[in-house]
Amino acid sequence: MIGVFVLVLLGTTSCTQDFEDINTNPNAPVSVQPSLLLRQVIYDYGEQMSYEGFTAGNLLGQYTTALDFNLFDRHNLKSPQLGGNPWPIFYQNLRDNELILNHSLENPSFRVYEGPARIMKAYMAAALTDFFGDVPYSEAFKGNQGTVTPVYDAQQDIYMAENGIFDNLTKGIAAIQAYDGNIALEGDILFSGDLDSWVRFANSLKIKYLMRVSSKMDVSNELQTLFSEGNFISENSLNAIFSFTDGEPNNFRLARLRIGDFNNFVMSETMEEILIDLEDARISRLFRPFTSSETGNEYNGLLNGIDASSTTVTLADYSLAGTIFRENTGLLDANFMTSMETYFLLAEAAQKGLISADAQNLYEIGVSQAFDYWQVELPSDYLSGTGAMENGDPLENIITQKWIANMVNGYEGWIEYRRTGFPQLKTISASLNDDLIPVRMPYPAEEEALNNQNYTTAANNTDGNSINVNVWWDQE
């Protein structure tokens, strides 16, 4: 279902005034504390989308290649395998987050949760609509009010309308700045209850989403204000992340897959060429030398989208993902927003003339923080040599560095490729989509069954739910 979940409390009509009170089980509350919900939303969304980003997003963004179970890698996106079904993740967590927001608006004791809930709603809604385009939004999460077949909102409205992405970020910041209570924000595994960090998070998200819609409107004044004020995520210590552990239950899910499933993902040819051309030291963090390497220190990638039924591939000839994704996941984060991504976005804005700033300086800060994020020492000559912004097309270099840094968020690399055309992804080996790289995810099959009328309208607007129809901000 589209994420409209109806909470139904079954009961019988009382024949005495206090019958309901007498028959209420104190150990089965009818509502959940916002602190528990906030912890659940942050962890569940971060954990599931980190796994999704690696297994499916990395295929769309051409970070890795799937050896088998690879219909998704061949761009049959209606057949998710080992990942590729983010729709329920979005709606389950948006639903729970809506409960937090409602609690904060209805109960003065929970006012501290309004700001974070609005910011998380904006964050998850943006990813949802950037994946799919038009989606249920304004009428979603109202099943307890009788709305179980919500309309699909236009992506432009989800971004720009009241209670949309930008509005919720602005209202979220305002709610935090207006909060004068003494009740602490609990359940916050991103910032340990630090409300100032939530404001920085929201401002970095504003920068991100302003750049995302920058082809549709003039965003320069708002970007300049955000840059000049400087109240965004500017250091890795301020990142919106939570850390995985080395052991269960909170390690990265790739560590819990059977070895055969983990070994299904190898370095892509796209990633190999980019990292090798850059002589990039992060290659040893993100990948392993392939087993049959003569020197034991060589890396090899495979073109995406092979036809596993007719192509014989020897695992030993290709580089697996690095130990940080399986054996040493305590070094890995669930990544919501970072300083490196913020600086790359600002560098792009400066390079395009949207803000008055030194694009090269912003770029170099982004690269330095990206190396630090991945715990790899930045070579002293990298920024003056292969990794220099002026070594080729500056804009392409900015976006490519952001793409490399976002390997844990593979869907982001795909979305930014759609927006910018960088890095230059390859025509895959055995495409099931006429050699076209998809520009949106398809609505899941259950939508057609459970919300048929509204699904049909949305499908008609996307040429029959085609994965080749651009979303609003990606249209000329």
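Let's start with a pair of helices: H7 (residues 195–212) packs against H12 (residues 339–351) at an angle of about 45 degrees, and their axes are 10 Å apart. That angle makes H7 oblique to H12; angles under 35 degrees count as roughly parallel, over 145 as roughly antiparallel, 65 to 115 as roughly perpendicular, and the rest as oblique. The axes here are lines fitted to C-alpha atoms, for helices over the stretch in contact, with angles running from 0 to 180 degrees between N-to-C directions. The crossing of H7 and H12 is left-handed, meaning that the near helix is turned anticlockwise from the far one by less than a right angle (clockwise would be right-handed).

Who does the touching? On the H7 side, Ser204, Ile207, Lys208 and Met211 make the contact, and on the H12 side we find Glu341, Thr342, Leu345, Leu346, Glu348 and Ala349. Contact means heavy atoms within 4.5 Å.

## A word on the model

This is a predicted model, in which local features need pLDDT of at least 70 and side-chain atom pairs count only at pLDDT 80 or more, while totals for chains, interfaces and linings use all residues. Residues are numbered from 1 along each chain as its sequence is written, and side-chain values use heavy atoms, with hydrogens and water left out. Helices (H or I, at least four residues) and strands (E, at least two) are DSSP runs, numbered from the N terminus.

## H12 has another partner

H12 also packs with H15, this time at an angle of about 5 degrees and with axes 15 Å apart. H12 and H15 are therefore roughly parallel to each other. Glu341, Leu345 and Glu348 of H12 meet Glu412, Glu416, Arg419 and Thr420 of H15.

H15 itself covers residues 410–420, and the loop between H15 and helix H16 (445–450) holds Pro423. The peptide bond joining Phe422 and Pro423 is cis, with omega about -10 degrees.

## Inside the nonpolar cores

Now for the interior. A nonpolar core is a set of buried Ala, Val, Leu, Ile, Met, Phe, Trp, Tyr and Cys residues joined through side-chain atoms within 4.5 Å. Buried means under 20% relative accessible area, exposed means over 50%, and partly exposed is in between (1.4 Å probe, protein chains only). The largest core has 136 residues, and the members that touch the most others are Trp198, Phe201, Phe325, Phe336 and Trp374. Helix H4 (residues 114–132) gives the most to this core, with twelve residues. There is a second, separate core of six residues, including Leu67, Val266, Tyr318 and Leu320.

What does Trp198 touch, leaving aside neighbours within four places in sequence? Its contacts are Ile42, Pro116, Ile119, Met120, Ile176, Leu185, Asp188, Leu190 and Phe191.

## A covered strand and its partner

Strand E6 (residues 333–337) is mostly covered, with five of its five residues buried. E6 runs antiparallel to strand E4 (residues 240–243), and four bridges join the two; strands pair if DSSP finds at least two bridges between them.

Phi of Glu279 is near 50 degrees, a positive value in a residue other than glycine. Is Glu279 buried or exposed? Glu279 is exposed, at 63% relative accessible area.

Leu82 is not a glycine either, yet has a positive phi of about 60 degrees. Leu82 sits in the loop between strand E1 (64–66) and helix H3 (87–106) and is partly exposed, with a relative accessible area of 23%.

Over in the loop between E4 and helix H9 (259–262) lies Pro249. The peptide bond from Glu248 to Pro249 is cis, with omega near 10 degrees. Arg256 is found in the loop between E4 and H9 too, and is partly exposed at 31% relative accessible area. Leaving aside neighbours within four places in sequence, Arg256 is in contact with Glu47, Glu248, Pro249 and Asn251.
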